[in-house]
Amino acid sequence: YIDDIVAGCVASVDQITPSTKETAQLKIYNLGNKDPVTVSYLVDCLENALEKKAVRNYMPMPPTGDVLKTSADVSLAAAELGYKPSTPLQDGINKFVAWYKDYYKNGLDREMSEYVPM
């Protein structure tokens, strides 16, 4: 959920020490949800929040594999930044859907309605 990610980003910025281009510290922190979830559970959460059933088309696993579960190893961010994501996936999706419906309650603005992906 965005609040968890923002908290992690702010905590990482707070760790920055004065530096120059030559002495800048470079660190990569993995921010996200530490609890693994299946793609099916993600779809379940979306269905619940949107109050619509998804059209699920299950396909055989490709020989190269695919992601069955997703999670983030946030141990470094937890140790160095005190990062502790606290928003369950369903809650985060519910909050996002509520925000989206409120933000676009009058429909899409012109820029969004004319947007064409590249």
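**Notebook: salt bridges and a nonpolar patch**

I started with K27, which is partly exposed at a relative accessible area of 49%. My cut-offs: buried means under 20% relative accessible area, exposed means over 50%, and partly exposed is in between (1.4 Å probe, protein chains only). I'm working on a predicted model, where local features need pLDDT of at least 70, side-chain atom pairs count only at pLDDT 80 or more, and totals for chains, interfaces and linings use all residues. Residues are numbered from 1 along each chain as its sequence is written, and side-chain values use heavy atoms, with hydrogens and water left out.

**Entry 1: K27 and its partner**

Which residue does K27 form a salt bridge with? I found E80, with the closest N and O atoms 2.8 Å apart. K27 sits in the loop between α1 (2–14) and β1 (37–38) and E80 in helix α3 (residues 75–81), so this pair ties together parts that are 53 residues apart in sequence. For the elements I took DSSP runs, numbered from the N terminus: helices are H or I with at least four residues, strands are E with at least two. E80 also counts as partly exposed, at 33% relative accessibility.

**Entry 2: the other salt bridges**

I looked up the total: the structure holds seven salt bridges. The criterion is a side-chain nitrogen of Lys or Arg within 4 Å of a carboxyl oxygen of Asp or Glu. As background, side chains of opposite charge can pair when their charged atoms come close.

I then checked R56, which forms a salt bridge with E47, the closest N and O atoms being 3.0 Å apart. Is E47 buried or exposed? E47 is buried, with a relative accessible area of 11%, while R56 is partly exposed at 30%. Both belong to a network of salt bridges that links D44, E47, K53 and R56.

D102 pairs with K105, and their closest N and O atoms are 3.4 Å apart. D102 comes out partly exposed at 46%, and K105 exposed at 58%.

**Entry 3: the nonpolar patch**

Which residues form the nonpolar patch on the surface? I listed F96, W99, Y100, Y103, L108 and M112, with about 640 Å² of accessible area together. Patch members have over 30% relative accessible area and no salt bridge; nonpolar side chains (Val, Leu, Ile, Met, Phe, Trp, Tyr) are joined within 5 Å, like charges within 9 Å. The areas are Shrake-Rupley with a 1.4 Å probe, and for residues only the protein chains shown count as cover.

Helix α4 (residues 89–103) gives the largest share of the patch, four residues. I picked out F96, which lies in helix α4 and is partly exposed, with a relative accessible area of 47%.
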